[in-house]
Amino acid sequence: MKKLLAIILVIAMFASLGITTAFAEEEPIHLTLWTFQELHTQLYKEMLDKWNANPDNPKLEIDMQVYPYEDMHNKLTIALQTGEGAPDIVDIEINMFANYLKGDIQLADLNDIVEPMQDHLVMSRFNNYAKDGKYYGIDHHIGACIVWYNTEILEEAGIDYRDIKTWDDYHEAGKVVLEKTGKPMCTWESKDCWSIYPLVNQHGGDWLTPDNEVRMDEQVVIDTLAFMKSMLDDGTAVACPGGNHHSEEYYGWMNAGNCASVSMPFWYLNRFTDYMPDLAGKMKVAPMPLWSDGGHKSAQMGGTGTAVVKTSEHVDIAKEWLAYATLSFEGCVNTWLILGFDPIMTDVYGSEEMKAPNKFFDYYDDTIFDMLKTILDDIPDTCLTEYFPAAADIVRNEMAYDLVIGGGDPAEIAHACAEELRDAIM
Amino acid sequence: MSENGKTPLLKRGFFTNPKVVPYIFIAPFLIFFLVIYLYPFITTILMSFQKIDGPNSVEFIGTKNYEKMFNRNFKQALMTTFRYAFWDVVVLTIVPLIFAVILNSGSVKFPSFFKSLYFIPALTSTIVVGIVFRLAFGTLETAPANRLLALFGQPAKDWLMFADTGNFVLILLTLWRWMGVNIIYYISGLQSIPSELYEAAKIDGANSVQQFFHISLPGIKPVLIYVITITVLGGFAMFTESVALWAQNNPGGVGRTIVGYMYLMGFYKNNMGMASAVGLVLLGLVLAVNLIQLFAMGFFKKED
């Protein structure tokens with residue numbers, strides 16, 4: 001009798017265990033995400049909350065770790081090389097991305113989430129993170145280059161920025177601005193690539209071909225450098241205070257109304273709102289002036305490829321969430337509303353959701369996207385091979401410095417830099 | 001019971017064998033040395049002959065890394081390092097020595113106060129100091145250093161954009177930060193010199209300059225050798241200071257040292273093979289400079 005009771009009790013115990021587990025809250029899946037850009041976590045958190053709010057989705061818990069730029073990429077390099085300690089999802093800066101596409105690639109290919117959406121996406125952004133037809137990263141923005149004009153200074157000089165159509169117009173307008181106000185038209189960076197590379201790329205040039213042939217000394221590069229030098233020579237352009245458009249010195253100087261314009265990628269919108277508050281209402285955005293001898297309407301610059309690590313235990317779920325966060329209509333709208341970036345999905349441009357008020361519309365005006373739509377059809381690809389980091393380093397430290405500070409001859413600079421890049425290619 | 005009537009603490013066995021015990025005692029160091037120093041060192045030598053693209057694609061490429069190394073960037077880095085190391089040694093040996101002698105002479109009131117005052121900068125973070133110096137020596141006319149120049153009627157300078165002024169800022173930063181440490185070394189050396197020697201010299205009619213060159217300087221020679229050696233090492237290994245001032249930029253070839261170049265190659269360009277080769281060349285250079293210096297100062301001579 002006792003035996004029977006014991007058996008019944010044991011059965012009851014197992015049965016109740018089974019019932020409780022069936023009804024218990026399911027364990028959330030734990031993922032880690034590394035980023036070097038704290039701003040991105042705002043978007044990720046928003047999209048994670050939305051994901052978890054949908055009962056059909058498996059519960060996710062994402063541990064978002066923000067590291068300084070260098071630290072994060074170093075940690076990632078070591079983690080991928082040793083196969084230990086890598087996160088599930090990681091933000092990789094565009095200049096560094098090619099490093100992780102060497103040899104045996106440790107990132108998961110994202111074709112199954114990118115390809116179904118490709119008719120809705122600006123696919124040239126995905127080519128930056130692709131190798132042999134496989135996509136390894138998803139960008140958050142197009143990074144189309146545009147120009148910010150300080151209308152207060154231009155009005156003082158009697159210039160309407162809407163009349164500036166070509167770079168020659170821009171230069172001429174600069175001469176008037178300099179004469180009437182004593183202020184330069186623009187600044188060129190002397191230790192970074194955000195002045196030279198967009199102009200060269202928009203003009204139709206680049207540093208490398210996909211087969212690592214060096215293009216740095218082509219005529220189009222020399223012509224672009226010569227144009228930049230001509231503006232430096234007559235004072236319509238000056239060396240950027242602090243050396244680049246991301247230095248504290250530049251922010252303060254620009255904020256005080258010392259310069260009539262600046263050309264940067266679209267994501268620079270938030271630098272104005274965050275670091276140059278005094279210019280609110282005075283700055284207007286416009287497309288880049290065109291080159292009279294060909295080229296494109298804009299250039300795509302900068303970016304972050306968000307990737308999934310191949311050795312992750314949850315590759316599929318990580319991909320699924322990433323697709324939701326960055327490739328969905330909702331995700332792309334939030335990219336604008338939260339981050340102030342130009343989203344990679346063409347469908348969102350012109351939609352009602354994008355017109356919701358935010359700090360960027362307050363700072364500039366609400367015609368930003370009407371302007372942007374006119375240039376999206378003509379943005380060239382950039383060629384980011386495994387030697388792009390080497391090329392970028394040469395542009396930042398030698399080409400920009402020799403041109404803007406050294407005042408050297410454009411052709412000589414281009415040839416010297418090209419030789420050095422050729423030498424670096426093994 | 002053993003012969004002398006006491007029970008031994010441990011039974012005689014392998015681990016208590018007098019021939020084995022010493023090795024057990026040095027084992028922690030030995031293991032540490034083998035794993036943390038020797039193994040990576042040998043791997044580095046191997047890696048310097050390889051092209052490393054990832055965990056599973058390593059390829060031996062002979063001496064190609066060494067052949068490709070000597071480009072403009074590397075020469076600039078070499079120049080920057082030597083320029084910095086030279087001025088570092090000159091300034092950081094002489095200036096703290098002067099301060100130490102003055103502080104030790106008894107003619108200064110509150111010497112302990114000044115000692116701690118000079119030492120405090122050593123406790124600060126290089127990155128923070130770098131940011132302060134970067135802004136103090138900024139591009140604009142409103143930067144503090146340029147304001148100072150304006151007082152003397154000098155035009156504003158773009159300090160960090162040129163090799164000579166950039167190196168000046170770097171040396172100034174290092175001096176401000178490390179002077180206190182060297183002062184402490186020197187003072188401890190100076191205080192070990194018996195005061196009778198100075199008294200005897202005074203009676204013989206030696207002035208304070210003669211006393212310095214004939215008593216103080218020979219008296220602190222071991223300290224001097226030590227300070228110069230670590231300053232040479234520190235000069236060649238300098239990295240953080242230049243990164244704090246210039247990040248990964250290299251305007252005018254001043255912002256990047258050999259260590260910075262090694263870092264650039266290894267992490268920014270993901271070329272560990274080349275970085276290893278650069279590291280070994282740096283090792284060779286530092287070793288050579290240090291040996292020359294130690295020989296010149298008679299460090300290896302037998303004491304009489």
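# Talking through the two domains and the two chains

Modeller: In chain A, the C-alpha centres of domain 1 and domain 2 lie 29 Å apart. Please keep in mind that this is a predicted model, where local features need pLDDT of at least 70, side-chain atom pairs count only at pLDDT 80 or more, and totals for chains, interfaces and linings use all residues. Residues are numbered from 1 along each chain as its sequence is written, with chains lettered from A and ligands numbered from 1 in the order in which they are written.

Colleague: What makes up domain 1 and domain 2 of chain A?

Modeller: Domain 1 is 29-142 + 301-355, and domain 2 is 145-299 + 379-424. Those bounds come from an automatic or database domain assignment.

Colleague: How many residues of domain 1 of chain A are in contact with domain 2 of chain A?

Modeller: Residues are in contact if their C-beta atoms, placed from the backbone, lie within 7 Å. On that basis, 18 residues of domain 1 of chain A are in contact with 19 residues of domain 2 of chain A. On the domain 1 side, helix 4 (94-97) and helix 6 (124-127) of chain A give two or more residues, and helix 4 of chain A gives the most, with four residues. Helices (H or I, at least four residues) and strands (E, at least two) are DSSP runs, numbered from the N terminus.

Colleague: And which residues of chain B touch chain A?

Modeller: There, 23 residues of chain B are in contact with 27 residues of chain A. Strand 1 (50-54) of chain B gives the most to its side, with three residues.

Colleague: What makes strand 3 of chain A mostly covered?

Modeller: A residue is buried if 20 or more other C-beta atoms lie within 10 Å of its own, exposed if 12 or fewer, and partly exposed in between, with C-beta atoms placed from the backbone. In strand 3 (residues 89-93) of chain A, four of the five residues are buried.

Colleague: Which strands does strand 3 of chain A pair with?

Modeller: Two strands pair if DSSP finds at least two bridges between them. Strand 1 (residues 29-35) of chain A is joined to strand 3 of chain A by two bridges, running parallel, and A:L33 has A:I89 as its bridge partner. Five bridges join strand 3 of chain A to strand 11 (residues 304-308) of chain A, and these run antiparallel.

Notes
Two residues are in contact if their C-beta atoms, placed from the backbone, lie within 7 Å.
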